[in-house]
Amino acid sequence: MVGASLARVRAESPLVHNITNLVVMNTTANALLAVGASPVMAHAPNEVEDMVGLARALVLNIGTLDDAWVGAMLLAGRAARRRGVPVVLDPVGAGATQYRTETARRLLAEVAPTIVRGNASEIRALGGGAGGTRGVDSVHETEAALDAARSLAAAHGCVVSVSGAVDLVVAGDQIARVRNGVPLMTRVTGMGCTASALTGAFAAVAASPFVAAAHAMVVLGVAGELAAERAAGPGSLQVEILDALASLRPEDVDRRARLEGSPG
Amino acid sequence: MVGASLARVRAESPLVHNITNLVVMNTTANALLAVGASPVMAHAPNEVEDMVGLARALVLNIGTLDDAWVGAMLLAGRAARRRGVPVVLDPVGAGATQYRTETARRLLAEVAPTIVRGNASEIRALGGGAGGTRGVDSVHETEAALDAARSLAAAHGCVVSVSGAVDLVVAGDQIARVRNGVPLMTRVTGMGCTASALTGAFAAVAASPFVAAAHAMVVLGVAGELAAERAAGPGSLQVEILDALASLRPEDVDRRARLEGSPG
Amino acid sequence: MVGASLARVRAESPLVHNITNLVVMNTTANALLAVGASPVMAHAPNEVEDMVGLARALVLNIGTLDDAWVGAMLLAGRAARRRGVPVVLDPVGAGATQYRTETARRLLAEVAPTIVRGNASEIRALGGGAGGTRGVDSVHETEAALDAARSLAAAHGCVVSVSGAVDLVVAGDQIARVRNGVPLMTRVTGMGCTASALTGAFAAVAASPFVAAAHAMVVLGVAGELAAERAAGPGSLQVEILDALASLRPEDVDRRARLEGSPG
């Protein structure tokens with residue numbers, strides 16, 4: 001049950017180490033705090049391996065990548081794998097520029113992330129199928145990325161989580177679909193990055209990466225739905241989502257969950 | 001009419017590539033999303049030229065500049081000009097330190113931006129007249145920057161947009177004045193940077209850079225006025241401005257526009 | 001009286017130069033603007049010494065440190081000391097990784113900050129006593145850091161401000177305790193960083209660093225209490241704190257202040 005995973009995040013308050021983009025540092029740290037996890041942002045090569053050693057999940061997000069940050073991601077990612085710390089990769093903008101696509105592929109190959117969480121365009125750019133990212137926004141429905149997600153999951157032995165109107169989570173032969181969330185969430189910058197950060201928190205406590213990826217999408221989606229009842233636009237939605245993440249009761253999550261494929 | 005420009009931004013949702021400062025990355029991305037545009041932030045030399053090739057406007061903002069970011073701005077700016085992509089330069093803090101003034105001058109000379117959007121102190125520092133920036137805040141009224149704006153516009157063949165209690169937009173012999181906005185907006189960090197980002201979105205769709213610069217200031221000013229009716233201080237104003245940018249109807253913008261000099 | 005310090009910040013609007021972390025750039029700039037100060041963020045070695053020359057306080061925060069930023073902090077910090085500009089050091093995460101602890105020690109030794117403001121774990125890591133930072137969050141009560149704070153204050157001739165449920169401010173033999181604030185503030189990222197930024201603003205105008213450090217904690221704590229009366233969770237608390245900082249009346253601060261040790 002999703003509510004039990006949420007309760008576990010709050011009880012254990014796992015430290016989630018983020019090497020993420022400059023746009024969402026504040027909002028993803030706040031989302032992690034709101035849901036009950038403990039965020040840390042650290043990117044210096046001097047310390048990322050030590051920090052991973054304290055963390056229970058690592059989130060790598062290439063939204064404002066450059067060579068120095070990619071170097072830190074590789075160092076931290078390899079250290080995480082050596083230590084058995086789950087790694088979430090958000091390949092922001094893969095398919096938009098060659099540099100993003102190649103960096104995402106390099107991280108896939110050298111880090112072997114536990115979970116890849118992106119939008120449909122990004123997953124298609126990495127898993128096959130025409131790219132079609134425009135900047136960092138997806139131009140595809142998630143179902144159009146199902147084959148790419150399966151192929152990516154198979155090639156790298158990872159869980160693939162594709163966010164959109166209906167979220168898809170693919171692990172081997174298993175598929176889960178999450179129908180929570182509201183369209184207004186696409187008008188808030190970094191909502192996908194928040195999904196990736198929460199996926200890290202759930203990966204720290206869940207029974208499996210497949211369960212973690214699906215439960216994180218439900219929790220964020222339900223928080224978005226509750227927030228939308230009080231929000232007058234994207235500015236207040238961003239604020240209300242943090243309040244909702246903090247006040248969400250496990251039983252309400254379970255009642256509102258629209259999750260198919262029964263993970264967990 | 002300003003409302004028609006706003007409708008065009010929403011209909012076309014132009015991709016706006018920002019190389020901007022670390023303080024405002026989140027808020028300017030959100031403002032662009034709220035108004036209906038599509039933001040992307042990218043600063044790696046490996047990809048800025050590719051990203052400009054996908055974008056319909058480039059916004060360069062030196063608010064937290066360093067040599068690596070300035071190098072990326074030069075690369076991206078030159079690529080934008082080769083491709084005919086309009087470039088907005090926000091010379092944050094020009095006049096405060098020699099490094100900022102010289103960097104702004106170098107970007108003016110090597111990129112030849114389409115529109116320069118700054119406060120009165122910054123425009124005076126670049127166009128003549130005593131500087132008088134204190135940090136990144138202006139200590140001058142915009143009318144005191146009129147001669148500097150004219151001289152800057154003439155020297156670089158660009159539009160100059162000066163924000164303040166009354167915004168001035170200068171293009172050759174033309175002058176527009178925008179009397180929208182509220183004083184509380186000066187208590188929110190990066191409101192000028194938001195004006196620059198929106199100017200980029202309007203430059204992507206407007207009939208001319210002069211029109212774009214004026215219409216962007218009207219839209220942000222009207223959003224600020226509507227937000228101020230609901231806000232209790234600078235924190236809620238920032239949130240309400242995003243809501244207002246998203247909900248603003250073209251007819252309301254036209255009704256509330258206080259624009260002299262009739263651009264568009 | 002605390003209210004008089006607040007009034008002085010508003011009357012003088014001191015420029016506060018921040019070399020701070022990427023998570024809190026926006027929120028600390030907004031907090032400084034809201035309280036009435038004037039923030040600037042600048043980290044390029046090309047300009048930090050010039051910028052310090054314009055500023056009335058310098059805030060160094062190692063929350064997302066790397067070697068380039070530490071180099072800028074050293075340059076700016078030394079320039080500040082040469083010019084008599086007060087320096088606030090926030091040793092975010094000291095004790096969590098060797099790099100953070102060593103960097104904080106280097107800044108202590110080479111910059112000799114006026115005020116060190118951290119949580120109990122960070123102060124223990126620097127002043128003696130077992131570390132026990134987990135990421136960037138404290139796992140200790142402030143009273144458990146009293147000896148470490150005294151020892152740090154004595155060793156470096158600085159004021160030490162320890163934030164927690166009860167804030168401690170130590171200067172030589174003097175101790176002040178601040179009992180303002182609400183627990184929900186710990187669920188907003190960068191609230192400690194905001195305390196450090198405000199400490200910079202008050203250091204610019206107060207009679208002594210001891211007074212400045214204590215008054216800043218009272219003002220933020222009272223703003224947090226007022227904000228909590230209107231907030232429904234951490235998202236709205238962050239917004240309401242900015243509104244409260246801007247609307248706080250000096251007499252209300254004095255009435256609500258829970259300050260022992262009578263500084264100022």
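Helices here are DSSP runs of H or I of at least four residues, strands are DSSP runs of E of at least two, and both are numbered from the N terminus. The model is predicted: local features need pLDDT of at least 70, side-chain atom pairs count only at pLDDT 80 or more, and totals for chains, interfaces and linings use all residues. Residues are numbered from 1 along each chain as its sequence is written, with chains lettered from A and ligands numbered from 1 in the order in which they are written.

**Stop 1: a loop in chain B**

Select B:E143. It sits in the loop between α6 (120-127) and α7 (146-156) of chain B.

**Stop 2**

Move to chain C and show the strands. Nine of them form an open sheet with mixed pairing, in the order β2-β1-β3-β4-β5-β6-β7-β8-β9. Strands count as paired if DSSP finds at least two bridges between them. The edges are β2 and β9 (259-260) of chain C; each has a single partner strand, so one side of each has no neighbour in the sheet.

Select β1 (residues 15-19) of chain C. On one side, β1(C) pairs with β2 (38-41) of chain C in the parallel sense, over four bridges. β1(C) also pairs with β3 (residues 57-61) of chain C, again parallel and over four bridges. Which residues stand opposite C:H17? In β2(C) the residue is C:V40, and in β3(C) it is C:L58.

Next, colour β2(C) by side-chain direction. In a regular strand the side chains alternate between the two faces of the sheet. In β2(C), C:S38 and C:V40 point one way, C:P39 and C:M41 point the other way, and all are buried.

**Stop 2: helices on the sheet**

Select helix α2 (residues 25-35) of chain C. With β1(C) and β2(C), it makes a right-handed β-α-β unit. Right-handed means that, with the strands pointing away from the viewer, the path from the first strand over the helix to the second runs clockwise. How many residues of α2(C) are buried? Eleven of its eleven are, including C:M25, C:A29, C:L32 and C:V35. Step on to C:G36, which follows α2(C) and has a positive phi, near 115 degrees.

Then pick α4 (residues 67-83) of chain C. It lies across β1, β3 and β4 (87-90) of chain C, at about 155 degrees to β3(C). Axes are lines fitted to C-alpha atoms, for helices over the stretch in contact, and angles run from 0 to 180 degrees between N-to-C directions. Helix α6 (residues 120-127) of chain C lies across β5 (115-119) and β6 (159-163) of chain C, at about 125 degrees to β5(C).

**Stop 3: the core**

Select A:V219, B:V219 and C:V219. These touch the most other members of the largest nonpolar core, which has 335 residues. Such a core is a set of buried Ala, Val, Leu, Ile, Met, Phe, Trp, Tyr and Cys residues joined through C-beta atoms within 7 Å. Zoom in on B:V219. Leaving aside neighbours within four places in sequence, B:V219 is in contact with B:V2, B:L6, B:V35, B:L198, B:L248 and B:V253. Contact means that the C-beta atoms, placed from the backbone, lie within 7 Å.

**Stop 4: between the chains**

Show chains A and B together. The copies use different surfaces, as 11% of the contact residues of chain A recur in chain B.

Now the interface itself. 27 residues of chain A are in contact with 27 residues of chain B. On the side of chain A that touches chain B, α2 (25-35), α5 (98-111) and α10 (234-247) of chain A give two or more residues. The largest share, four residues, comes from α10(A).

Note on methods: Buried ≥ 20, exposed ≤ 12 C-beta atoms within 10 Å, placed from the backbone. Contact = placed C-beta atoms within 7 Å.
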